[in-house]
2 protein chains.
Amino acid sequence: MFGSVDVLPHDSITNGIVEQLPADFDPAALFKDLLSPIIGEDVIVNGESQNITEKYERKIVLGRNIHTMFLEITEPDMDDEVTGEKEAYIASVLAKYKKSLTEKTKYHLGYPYNLDFDYGALSQLQHFSINNLGDPFIESNYRVHSRQFEVGVLDWFAHLWELEKSQYWGYITNCGTEGNLHGILVGREVFPDGILYASQESHYSVFKAARMYRMECVKVDTLCSGTTVKGAVDDLDVVIKKLEEAGFSHDRFYIHCDGALFGLMLPFVKHAPKVTFKKPIGSVSVSGHKFVGCPMPCGVLITRLEHVNALSRNVEYLASRDATIMGSRNGHAPIFLWYSLNRKGYRGFQKEVQKCLRNAHYFKGCLVDAGIGAMLNELSSTVVFERPHDEEFIRKWQLACQGNIAHVVVMPNVTIKKLDDFLNELVMNRAAWFEDGKNQPYCIASDVGENYCLCSLHRS
Amino acid sequence: MFGSVDVLPHDSITNGIVEQLPADFDPAALFKDLLSPIIGEDVIVNGESQNITEKYERKIVLGRNIHTMFLEITEPDMDDEVTGEKEAYIASVLAKYKKSLTEKTKYHLGYPYNLDFDYGALSQLQHFSINNLGDPFIESNYRVHSRQFEVGVLDWFAHLWELEKSQYWGYITNCGTEGNLHGILVGREVFPDGILYASQESHYSVFKAARMYRMECVKVDTLCSGTTVKGAVDDLDVVIKKLEEAGFSHDRFYIHCDGALFGLMLPFVKHAPKVTFKKPIGSVSVSGHKFVGCPMPCGVLITRLEHVNALSRNVEYLASRDATIMGSRNGHAPIFLWYSLNRKGYRGFQKEVQKCLRNAHYFKGCLVDAGIGAMLNELSSTVVFERPHDEEFIRKWQLACQGNIAHVVVMPNVTIKKLDDFLNELVMNRAAWFEDGKNQPYCIASDVGENYCLCSLHRS
């Protein structure tokens, strides 16, 4: 199914910023965050939690501030220090919140976040205001920083993606979006009149960047088989080949690779195409809170030193002392990453990737055995299957859905036990949904192909 | 000294994005991050720390990746799980690092960061991957979030700056820079051909934004008395008055106020000019890790709902489901802020601000009594004084310096005891620096005025 779109990481984009580009190069299939309908969320007002059961379609409505849930901040009473009532209130809110997070974490299957981590050893550092102001390689007056950990992490990723230690520049970002904003900005600075080409299935931050940066942007169509939910990847080699065939030498385009989740997984998948700086790419970014797992969003951006050198010629014009997007930067995130990478090593990640692929394969098999249409891209751990009929069920398991399909991303914290629990609940619920014949399993043939569909028509 | 530049927060900027603006409006004096020379930093390689004593001037050199300090990530040995050597190594690195952070925090005086916080009650939440994906007011499939805390914090700030709950939009950012990037982006979307006017002393993120967004940018000269180090503030009222006099109705300009530190302090300073949405401003941002104090950088951005409504008309073009700069957002930061604000309340912050001003006044008096030229802007807690002659001393106390002056920012964690310790050490060192007459106290008259200078010429 994905034979022709197999190069870049799952949920990845390839943005070629070029001076001119023929419009006919191979469509690349990419991931984007999912805009699926959800149903009611817990409403928590002043610590009281109640569940709204009405179903509603999620809409993109900007510019509203409907207070469906909020914890009001109240002025302490004069005698709070004596009565301890404020502290008691806060403690009760936190206890309830922790309980609710535990539940939500337990039943989470839809986002590519590894929720299995133990950073207990690092809680001793929470008392410090750690800030890696500006460039990781330029020291700051402010000495409560963690640059020594950050540079260690950057070295590790540069090595993973095969860029010499002396040839890279990079930093730890706040999230995948910041990595994309940076990569595309560098591309624009290298080619000020360049056009941004990106798959229409790219993460929305790419189009946000184009608008922010006032760049001309061309959306490239994708194969219908290579959409969002299915863990599709860009065919970087085809993109490069097409550029070369159209006569573009390597100094006439800039490719930024968004390796959000799979930038860290793919290097450990057998026969998978490689993300490497040995190919003519300009930058790679990856999320730190996805496959590694981290309490807060973060990411890694690696680019070629020469490109940042190009930026540095504009230092006066930039009026900036660094080439990061943000000035103040979270100094805890690098320590979380350093801790995980150091304990697991490349071998540890390889094991985890293999486990995820194995568990995904197992899960897909179980679904099919239970008569539920399902598909698994061989290079990914994203299992696509027939959308459950009950929104409450979808919400409980925080599934990402699109049209007739849903997906589960098998991450390191998703155990066989968890998958079994999910499957048992799904099977039990399906019996009820389809009991009186008024509901039928959705047909997913148009999403995943007839071979993988087990609806009444295609069951055969 | 600062009588005429007294409106917006210390270290604040006012960016008026207007269609046309007379070039003669009153210069505004602003803060920017300091680019003072520093000397050697601890070099830590693989957990071994050594102090470099050579002095060097800090330069802005982008595009380098000199590994002066890094903690290499190594592959675990096969038998590490048995020997426990990896864990032991990591534990020893962390123990040393914690010790070093404790020391650095103890002697920190130069940055406007409140390092006095105790979030022990929140360490129970470090095990969760909390992510407030996208818009605070639009729910996400991913349910491990903290929107209920975030909205509570936003309400608190909207109330502080006098914008109706139903009239604002905002979110918790990763840092002050993100607040500026957002405010300026909204301004540009409201006035696509607008020109960005900002004081030349603005934080460098303002000029970075202009370049990123491809906006025409005009740097407005500042009064020589109103520079960076001295805690100068924009005169927002004068800016508005000049705009009005030049015939600009309120719908023809957009003002973003960068309230980095003083956005939260000034509301509690008697007779201080007000940051308020009752004036024709578009947005205000403030840092969360400065006056409040937070383990990692964060900030708050509040804008008028109508402006984000304007953005939302472009939702299809934006291809974004939210109006934030970042997609994934740190869900822990809102909880830290919520916790602090709830415990302190407006009254608590008022007390802290008063304490800071009192301590700053005390410190300035002690300096003068000791024969050291010093100046304190009455609306701020930034004490400016004669630059110490020893770079090692400057480094130890992480002082921000510029030319002949240094400054200390008296934050809530800066106690009388700490100031006394600093002063005693400074006085003792000065005796040594000036002992044989080869060094003289710097003249700071051109920086702060003759009245405040106690050099041999101006002592009289």
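Modeller: With a definition: a salt bridge is a side-chain nitrogen of Lys or Arg within 4 Å of a carboxyl oxygen of Asp or Glu. Here Lys344(A) forms one with Glu352(A), the closest N and O atoms being 3.3 Å apart. This is a predicted model, where local features need pLDDT of at least 70 and side-chain atom pairs count only at pLDDT 80 or more, while totals for chains, interfaces and linings use all residues. Residues are numbered from 1 along each chain as its sequence is written, chains are lettered from A and ligands numbered from 1 in the order in which they are written, and side-chain values use heavy atoms, with hydrogens and water left out.

Biologist: Which residues make up domain 1 and domain 2 of chain A?

Modeller: Domain bounds come from an automatic or database domain assignment. In chain A, domain 1 comprises 66-76 + 86-115 + 350-452, and domain 2 is 123-345. Their C-alpha centres lie 29 Å apart. Contact means heavy atoms within 4.5 Å; 23 residues from domain 1 of chain A and 19 residues from domain 2 of chain A take part.

Biologist: How many Å² do domain 1 of chain A and domain 2 of chain A bury between them?

Modeller: Buried area is the accessible area (1.4 Å probe) that two parts lose on being put together, summed over both. For these two domains of chain A the value is about 1800 Å², with 67% on carbon and sulfur atoms. Asn114(A), Val353(A) and Leu379(A) supply 30% of the area that domain 1 of chain A buries against domain 2 of chain A, more than any other three residues.
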